[in-house]
Amino acid sequence: MNNKKIVPCLDIKDGKVVKGVKFEGIRAVGDPVELAEKYNADGADEIVLYDISASIEKRIIDLELVKAVADKIDVGLTVAGGMGSIADFQKALDAGASRVSVNSLAIRNPDIIKDLSDKFGSERVVLGVDAKLGENGSYKVMQGAGIVETGLDLIEWVKKCEKLGAGEICLNSIDADGTQDGYDIDMLNAVCNAVNIPVIASGGCGKLEHFAEVFEKTNVGSALAASMFHFGGLDVKGVKEYLGL
């Protein structure tokens, strides 16, 4: 398990870290720079900065905030939110991001993944996916804070994006998001079994055992958590000690 990563996620709205449940009931948590610095000191393997209001407001992620966070940490920084073009991707990297996640942009124009991979390298291109279980038993890709159906089948989508050059997938289960009831093991296994690139598990972590479970029962490379670190009274160091990382 030594190669597994623990990844705190900072969801940003109006310059503050926030968190909700299944994308609803969002409440403020704190200052993103201070929290990033704390999680970095606690031993985070990577930090994700997700500007959840960027897409809604049709703007790029707050680049000044990206720079401020990047200046305070010495681990990888993956950013997401409002990417609308190759130029936006470049701006995020120039601001200090190690990698950039694309979600809605890829849905609108899947070929952008190949363009980004060719220009910047697949290792910098993360495919962000929000998905939920459909009535027919298959998983559906969603967007617009998890309420807009895209018509895309999750498994077909991740396979396509891997072929186009995505270097990693950050898979967020809408059904599990913010519930702290555990990761969506079935969904994660469905995706891990479909692709050969690393998968980041997102959504549902609420206690130490959930980290162990997701690493033992799936082939994910990283486990992302937000609520547990913000509210749960546990820190990254404690999680890694528990897992023997």
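Predicted model: local features only at pLDDT ≥ 70, side-chain atom pairs only at ≥ 80, totals over all residues.
Me: What makes the radius of gyration of the protein agree with that of a compact globule?
Reply: A compact globule of 245 residues would have a radius of gyration near 18 Å, and the protein has 16 Å, which agrees. The C-alpha trace spans about 40 × 40 × 35 Å along the principal axes of the protein.

Me: How many helices and strands does the protein contain, and what percentage of its residues is buried?
Reply: The protein contains 10 helices and 12 strands. Of its 245 residues, 55% are buried, a term that requires a relative accessible area under 20%.

Me: What percentage of the contacts in the protein with a separation of 6 or more joins residues 24 or more positions apart?
Reply: Such pairs account for 66% of those contacts.

Me: How far apart are the mean positions of the positive and negative charges of the protein?
Reply: The protein has 27 positive and 38 negative charges, and their mean positions are 2 Å apart.

Me: Why is isoleucine 107 called buried?
Reply: Its relative accessibility is 17%, and the limit for a buried residue is under 20%; isoleucine 107 therefore counts as buried. This residue belongs to helix α4, which covers residues 104-108. Beyond residues up to four places away in sequence, isoleucine 107 touches Val141, Gln143, Thr150, Leu152 and Trp157. Between the C-alpha atoms of isoleucine 107 and valine 191, which are 84 residues apart along the chain, the separation is 17 Å.

Me: What makes the pairing of glutamine 143 with serine 104 a polar contact?
Reply: The two side chains meet at 3.4 Å, and a polar contact requires a pair of N or O atoms within 3.5 Å. Glutamine 143 is part of strand β8, residues 139-143. With neighbours within four places in sequence left aside, glutamine 143 is in contact with Ser104, Ile107, Val148 and Thr150.

Me: Why does lysine 58 count as exposed, and what is its phi?
Reply: An exposed residue must be over 50%, and lysine 58 has a relative accessibility of 77%, so it counts as exposed. Lysine 58 is placed in the loop between β4 (46-51) and α2 (63-70). Although lysine 58 is not a glycine, its phi is positive, at about 55°.

Me: Why is glutamine 180 called partly exposed?
Reply: The class of partly exposed residues lies between the buried limit of under 20% and the exposed limit of over 50%. Glutamine 180 stands at 30% relative accessibility and therefore counts as partly exposed. Its loop runs between β10 (168-173) and α7 (185-192). Glutamine 180 also has a positive phi, of about 60°, although it is not a glycine.

Me: How do you know that aspartate 181 is exposed, and which residues does it contact beyond its neighbours within four places in sequence?
Reply: The relative accessible area of aspartate 181 is 63%, and exposed means over 50%; aspartate 181 is therefore exposed. Its place is in the loop between β10 and α7. Apart from neighbours within four places in sequence, aspartate 181 is in contact with Gly204 and His210. The C-alpha atoms of aspartate 181 and glycine 206 lie 5.9 Å apart in space, with the two residues 25 apart in sequence.

Notes
Residues numbered from 1 in each chain as written. Heavy atoms only, no water. Helix = DSSP H or I, 4+ residues; strand = E, 2+ residues; numbered from the N terminus. Rg over C-alpha atoms; globule rule 2.2 N^0.38 Å. Buried < 20%, exposed > 50% of the residue type's maximum accessible area, 1.4 Å probe, protein only. Contact = heavy atoms within 4.5 Å. Lys, Arg positive; Asp, Glu negative; His and termini not counted. Charge placed at Lys NZ, Arg CZ, Asp CG, Glu CD. Polar contact = N/O pair within 3.5 Å; in protein donor to acceptor, adjacent residues only side chain to side chain.
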